[in-house]
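Subject: A structure for you to explore

Hi there,

Here is the structure I promised to pass on to you. Please open it next to this email and follow along as you read.

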Amino acid sequence: MEEFIYGTEPQYSIKEVSKITNLPKPTIRYYEDIGLLQGVARDKNNIRLFSDDQIMRLRMIQCMRSTGMGIDMIHHYLGLSREDKMELKEKYSIVLDQEELLLAKKHEIEAQLALIEHKKANYEKDLNEAYNVVQQT
């Protein structure tokens, strides 16, 4: 299980964040430029420094993008408050929708994998039979 770390102390360079999240550096900068990632600190040389909380936010953005959610919807989701009851319900509903999409993808992949495993087993059987015939002659 993946460990999720939270913290607000700016400590990671963009290179480190890119390695941790597998996001290209230009994508990280883009998410900051359009307001999906806020409060990025800068050191005395104006180098970006990211916190664990910002890495978690990037992971959430990355997850939602992988389900096909558009930037505008992600911006909307991230802008919703956890304090307001109606907005919290909307956040929850969005997460449920994303879970449903991921579960559908998971089932589709499992079905595809089952077919591949079936074909692999058939080919292994055919190869074993062909190998046995060659050895017997």
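Let's start with a question: which residues in α1 meet which residues in α2? On the α1 side they are Ile14, Lys15, Val17, Ser18 and Thr21, and their partners in α2 are Lys25, Ile28 and Arg29. Before going on, please keep in mind that this is a predicted model.

Two packed helices are described by the angle between their axes and the distance between the axes. Helix α1 covers residues 14–21 and helix α2 covers residues 25–33; their axes come within 9 Å and cross at roughly 105°. Angles from 65 to 115 degrees count as roughly perpendicular, so α1 is roughly perpendicular to α2. Sorted by type, the residues of this contact are 3 nonpolar, 2 polar and 3 charged.

Helix α3 (residues 52–66) and helix α4 (residues 71–79) have axes that come within 10 Å and cross at roughly 135°. That angle makes α3 oblique to α4, and the crossing of the two is right-handed. From α3, the contact is made by Arg57, Met60, Ile61, Met64 and Arg65, while α4 brings in Ile71, Ile74, Tyr77 and Leu78. What types of residue make up the contact of α3 with α4? There are 7 nonpolar residues, no polar ones and 2 charged ones.

Stepping back, here is the chain as a whole. The domains do touch: 10 residues of domain 1 are in contact with 10 residues of domain 2.

How much of residues 106–133 is helix, and how much is strand? The model has this span as 100% helix and 0% strand, with 40 Å between its end C-alpha atoms.

Best wishes

Key:
Residues are numbered from 1 along each chain as its sequence is written. This is a predicted model: local features need pLDDT of at least 70, side-chain atom pairs count only at pLDDT 80 or more; totals for chains, interfaces and linings use all residues. Side-chain values use heavy atoms; hydrogens and water are left out. Axes are lines fitted to C-alpha atoms, for helices over the stretch in contact, and angles run from 0 to 180 degrees between N-to-C directions. Helices (H or I, at least four residues) and strands (E, at least two) are DSSP runs, numbered from the N terminus. Angles under 35 degrees count as roughly parallel, over 145 as roughly antiparallel, 65 to 115 as roughly perpendicular and the rest as oblique. A crossing is left-handed if the near helix is turned anticlockwise from the far one by less than a right angle, and right-handed if clockwise. Contact means heavy atoms within 4.5 Å. Ala, Val, Leu, Ile, Met, Phe, Trp, Tyr, Cys and Pro count as nonpolar, Asp, Glu, Lys and Arg as charged, and the others, Gly among them, as polar.
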